[in-house]
Amino acid sequence: MTLTTAPLPTLMVVPTGIGCEIGGFAGDALPSARLLAAASGCLITHPNVINGASLYWRDPRIHYVEGYALDRFASAAWGLRPRRSQRIGLLLDAGIESDLLLRHRQVAEGCRASLGLDINAVVSTDEPLGVHLAAGPSGTSWGTLDRPDALLRAAERLKAAGSTAIAVVARFPDDHTSEALTAYRHGSGVDVLAGAEAVISHLLVRHLKMPCAHAPALAALPLDIDLDPRAAGEELGYTFLACVLVGLSRAPDLLDLSSGCSIAPDDLVSEQLGAVVVPDGALGGEAVLACLERDVPVIAVSNPGMLSVTAEALDVGPQVLKASSYAEAAGLLVALREGLAIASLVRPLPSLRELK
């Protein structure tokens, strides 16, 4: 089917580190994102949805926007300006061992040679970043950083060298025997790295107001014959960097609307949003709440995770459309894009209500 109507800019959010069945693993939400992009014609989503370690699928209808920037966009504080190409700076943690560091530099060189990516500079931090992993009371993952100052100094050097986007690689703790990692690799746990990754990327984007994304540096894992297919993308190589470089290569610029910048015809602003698609237990994030406040249609998809912040818990049930799958959510997006009343697709169809 060919849609003849204009695109319906849509947010797709799968929060990081909450163990969703779809989107909680190595880029396993990418097929759903591609479907929603086809249905909407314009999908704005974040790296957690489409980063798949060595795997990535570029689609001109999908805009790669870091999570903090996505929240600022949904809150009408920032806009997005599509870019044909970004000049990427590579930021490496001084805590990465020499052999592992070389692997990451070689990934960047391979992306330059084979994919034609513009990677203009490499900088190492002046101190190891010191990443620590933790879990919240709900079971979601998070983390801390010993030296955020070293991270920001290195990022400022890349910005001064002309980089327009930053890929950061931090050394993460290895714990090959942990129960959490084993559960994740077998498809029943939370990504223990994701929360700390978000801390790093949020800090950079908030400070620089430019596209940034993170890849963890880890020692190679031992083979696992019972690996869940959703975690298999992380087993293909020594690094997670390739998908980050590809995603950043055409990430949109971030526009601080409070600075009085002019809006070009192709720029995206929150007033254009036609819908947001989110797991039905994860409605408490800033982007979704901002959309609810502005009556942007929210499509809550059955996609179990560690959170239970539902439409009923927030008392916003009438504002939320329920979908049993991302395939059903895509159908709802097509209906919204075509201007169809959702109620007309449901049976029984109630009679018109006469005002007294």
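User: What is the strand order of the open sheet of four strands, and is its pairing parallel or antiparallel?

Analyst: Strands of a sheet pair through backbone hydrogen bonds, either parallel or antiparallel. In this predicted model, the open sheet of four strands runs β6-β5-β9-β10, with parallel pairing. β6 (119-124) and β10 (212-217) stand at the edges. Each has a single partner strand, so one side of each lacks a neighbour in the sheet. Neighbouring strands are turned by 20° against each other on average, direction ignored.

User: How many bridges join β9 to β10?

Analyst: Six bridges join strand β9 (residues 165-171) to β10, and the two run parallel. V169 stands opposite A215 in β10.

User: Which helices pack on these strands?

Analyst: Helix α7 (residues 194-208) lies across β9 and β10, at about 150° to β10. α8 also packs on the sheet, touching β5 (88-92), β6, β9 and β10. The direction of α8 makes about 165° with that of β9.

User: At what angle does α8 pack with α4?

Analyst: Helix α4 (residues 98-115) and helix α8 (residues 241-249) pack at about 45°, with axes 10 Å apart. That makes α4 oblique to α8. The crossing is right-handed. H104, V107, A108, C111 and L115 in α4 meet L241, A242, L245 and V246 in α8. By class, this contact has eight nonpolar residues, one polar and no charged.

User: Where is the hairpin, and which residue in its turn has a positive phi?

Analyst: β7 and β8 form the hairpin, with five residues between them. G139 in the turn has a positive phi of about 100°. Strand β7 (residues 131-135) pairs with β8 in the antiparallel sense over five bridges. V131 stands opposite L145 in β8.

User: Which residues of β8 are on its covered face?

Analyst: S141, G143 and L145 form the covered face; W142 and T144 form the uncovered one.

Terms used:
Residues numbered from 1 in each chain as written. Predicted model: local features only at pLDDT ≥ 70, side-chain atom pairs only at ≥ 80, totals over all residues. Heavy atoms only, no water. Axes fitted to C-alpha atoms, helices over the stretch in contact; angles between N-to-C directions. Parallel < 35°, antiparallel > 145°, perpendicular 65-115°, else oblique. Left-handed = near helix turned anticlockwise from the far one by under 90°. Contact = heavy atoms within 4.5 Å. Nonpolar A, V, L, I, M, F, W, Y, C, P; charged D, E, K, R; others polar. Buried < 20%, exposed > 50% of the residue type's maximum accessible area, 1.4 Å probe, protein only. Pairing = 2+ DSSP bridges.
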